[in-house]
Amino acid sequence: MTSDRYLRQRILPEIGEEGQQRLAQARVLIAGCGALGTNLADLIARAGVGQITVVDHDRVELSNLQRQALMGEADLGRPKAQAVAKALTAINSESEVSYEVTKIEAHNVEQLIEGYHLVLDGFDNLKARYLLNDTCVKHDIPWIFATVAATYGMTMPILPNKGPCLRCLFPSPVPDEIVLTARNAGIINTIPRAIATIETTQALKILLGSPECPVKLITYDIWRNTFSAQEIHKAKHCPCCSEGRYEFLD
Ligand SMILES: [Zn+2]
């Protein structure tokens, strides 16, 4: 157990021996195995999170390989969640890795997130994020919102009962035809990794009991070299986290 695997991390004052033990006890669910989800999974497993579950309903396609980590040509046609779980087990046999080949929807999301300490957003669509927001706020489970398209991305941790939720930031989802996605705008392969790196750092802070307060929305354009960290506050009349109406879940 006390192998050299985490040596460089254990000597870091931000983590230490005690922090490493905490990570070994942590249970994290990664929702979506796209460009964000695969990069998140790689870092979360290498950091020593004890229990990791990845969820995705898609299969690996050739056009994924430009930006998605942990999978190669041999995985084409396989369920993404299965390919990612196999790669994680090869990277870190000390982590307990499981996977679900299923689409996260209103009828199964509450069951899927039950018992996890943290949920990470690796989705590729906005609607799923609002569903996750409702569910995590309702069940008091922290989650981290993230999105990427073209050359930029953003991420914000959501700490139910402590800070703002996704609907405090964006009250309702922008229609799919207006929002930029990798599908309609393209994507440079460095931005998902950069945003996943920030998202994983926030994840480690939450798991180690040192979440960032007040909560900040981080936005980064990797082509234009612009970075911002903006404080976000709870909205007074947020239907989700103030009024307890879970419209996407119901
Ligand atoms: Zn809210």
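Predicted model: local features only at pLDDT ≥ 70, side-chain atom pairs only at ≥ 80, totals over all residues.
The donor atoms are the SG atoms of Cys165, Cys168, Cys238 and Cys241, which coordinate the zinc ion at 2.3 Å. The angles subtended by the four donor atoms around the zinc ion run from 95 to 124°, and the arrangement is therefore tetrahedral, since four donors qualify as such if all angles lie between 85 and 135 degrees.

The chain as a whole contains nine helices and eight strands. Along the principal axes, the C-alpha atoms occupy a box of roughly 50 × 40 × 40 Å. Of the 250 residues, 51% count as buried. Considering contacts between residues at least 6 apart in sequence, 67% join residues at least 24 apart. The chain exposes about 12200 Å², of which carbon and sulfur atoms supply 50%.

Charged side chains form a further set of interactions, with a count of eleven salt bridges. One of them joins Arg5 and Glu94, with an N to O distance of 3.6 Å. This pair links distant parts of the chain: Arg5 lies in the segment before α1 (7-10), whereas Glu94 lies in the loop between α4 (80-91) and β3 (96-100), 89 residues apart. Arg5 counts as partly exposed at 38% relative accessibility, and Glu94 counts as partly exposed at 36%.

Another salt bridge connects Asp75 with Arg78, whose closest N and O atoms are 2.7 Å apart. Here Asp75 is buried, with a relative accessible area of 10%, whereas Arg78 is partly exposed at 31%.

A network of salt bridges links Arg167, Glu243, Arg245 and Glu247. Within the chain, the side chains of Glu247 and Arg245 meet in a salt bridge at 2.5 Å, N to O. Glu247 is partly exposed, with a relative accessible area of 40%, and Arg245 counts as partly exposed at 40% relative accessibility.

How values were computed: Residues numbered from 1 in each chain as written. Heavy atoms only, no water. Donors = N, O, S within 2.8 Å, 3.2 Å for Na, K, Ca; no water. Tetrahedral: all angles 85-135°; square planar, octahedral: opposite > 155°, others 65-115°. Helix = DSSP H or I, 4+ residues; strand = E, 2+ residues; numbered from the N terminus. Buried < 20%, exposed > 50% of the residue type's maximum accessible area, 1.4 Å probe, protein only. Contact = heavy atoms within 4.5 Å. Areas by Shrake-Rupley, 256 points an atom, 1.4 Å probe, with all protein chains shown as cover. Salt bridge = Lys/Arg side-chain N within 4 Å of Asp/Glu carboxyl O.
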